[in-house]
Amino acid sequence: MTGEGGLPDLSSAWLLVIDPQRIFADPGSDWASPFWGEAWERIRELAAHVGPERTLVSRWLPTADRETSWGEYFRAWPFADVPAMDPLYDLVDGAAELTAHPTIDEPTFGKWGPQLRASLGEAATAAPLLIAGAVFGGIVATLVLARIERRLALIVASSYLAAAV
């Protein structure tokens with residue numbers, strides 16, 4: 001379905017704001033995106049356009065089993081190996097207000113899981129999903145692959161992404 005100017009019709013689209021957290025936004029963090037400030041303004045505008053009922057916010061938490069490959073990851077980045085309740089993992093100011101839904105907390109960079117699907121409900125298969133926020137390449141790849149495998153619409157809003165390390 002297309003809308004005005006041949007662009008996708010976004011009237012039913014949902015927005016996933018990926019990991020708008022201090023660890024990716026604070027310039028003092030080793031994982032800060034130099035593009036965060038610029039992208040954040042656009043993300044807030046996009047979320048206001050989509051509305052809080054169709055906007056979801058995710059949060060990455062460092063709760064993965066250290067006996068897996070995550071153990072090596074945290075040994076390489078010890079500053080991030082702190083409890084999930086550490087302020088480093090808090091949402092940035094204004095992020096919680098973008099959504100009318102609970103935050104989707106995941107211990108993996110991939111976001112396509114039971115929480116996201118449950119939050120989307122029937123829209124998980126019926127509506128396009130826009131993605132914006134703080135991203136590593138793996139986050140985008142896992143979402144794209146998960147949606148493609150299921151023949152579901154996904155729009156990577158590249159002007160609304162803040163690439164991190």
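**Strands, core and charged pairs in a predicted model**

Glu106 sits in strand β3, which covers residues 104-106. Glu106 is buried yet takes part in no salt bridge; the nearest side chain of opposite charge belongs to Lys111, 6.9 Å away. Setting aside neighbours within four places in sequence, the contacts of Glu106 are Arg59, Trp60, Leu61, Lys111 and Gln115.

Asp105 pairs up with Arg59 in a salt bridge, with the closest N and O atoms 3.0 Å apart. Arg59 belongs to strand β2 (residues 55-60) and Asp105 to strand β3, so this pair ties together parts that are 46 residues apart in sequence. Arg59 counts as buried because its relative accessibility is 13%, whereas Asp105, at 25%, is partly exposed.

The whole structure holds 6 salt bridges. Another of them joins Asp81 to Arg66, whose closest N and O atoms are 2.6 Å apart. This pair, too, links distant parts of the chain: Asp81 is in the loop between α3 (69-76) and β3, Arg66 is in the loop between β2 and α3, and 15 residues separate the two. Both partners are partly exposed, Asp81 with a relative accessible area of 38% and Arg66 with 27%. Glu149 and Arg150 make a further salt bridge, this time with 3.7 Å between the closest N and O atoms. Here Glu149 is exposed at 63% relative accessibility, while Arg150 is partly exposed at 40%.

Stepping back to the overall fold, the protein has 6 helices and 5 strands. Read from the N terminus, the order of elements is β-α-α-β-α-β-α-α-β-α-β. The radius of gyration is 16 Å, close to the 15 Å that the globule rule gives for 165 residues, so the protein is as compact as a globular protein of that length. The C-alpha trace spans about 50 × 30 × 25 Å along its principal axes. Of the 165 residues, 45% count as buried. Among contacts with a separation of 6 or more, 76% come from residues 24 or more positions apart.

Strand β4 (residues 129-135) is mostly covered, with 7 of its 7 residues buried. On one side of the pairing scheme, β4 is joined to β1 by 5 bridges, and the two run parallel; Trp14 stands opposite Leu129 of β4. Strand β4 also pairs with β5 (residues 154-163), again in parallel, through 6 bridges. Within that pairing, Gly133 has Leu161 of β5 as its bridge partner.

Leu129 turns up again in the largest nonpolar core, a set of 54 residues in which Trp112, Leu116 and Leu129 have the most contacts. Helix α2 (residues 36-50) gives the most to this core, contributing 7 residues. Beyond four places in sequence, Trp112 touches Arg117, Leu120, Ala124, Leu129, Leu143, Ala146, Arg147, Arg150 and Leu152. That list includes Arg150, the partner of Glu149 in the salt bridge described above.

Asp19, in the loop between β1 (14-18) and α1 (22-25), has a phi near 45 degrees, a positive value in a residue other than glycine. Most residues other than glycine have a negative phi. Asp19 also counts as buried, because its relative accessibility is 0%.

Notes
Residues numbered from 1 in each chain as written. Predicted model: local features only at pLDDT ≥ 70, side-chain atom pairs only at ≥ 80, totals over all residues. Heavy atoms only, no water. Core = buried A, V, L, I, M, F, W, Y, C linked by side-chain atoms within 4.5 Å. Buried < 20%, exposed > 50% of the residue type's maximum accessible area, 1.4 Å probe, protein only. Helix = DSSP H or I, 4+ residues; strand = E, 2+ residues; numbered from the N terminus. Contact = heavy atoms within 4.5 Å. Lys, Arg positive; Asp, Glu negative; His and termini not counted. Salt bridge = Lys/Arg side-chain N within 4 Å of Asp/Glu carboxyl O. Pairing = 2+ DSSP bridges. Rg over C-alpha atoms; globule rule 2.2 N^0.38 Å.
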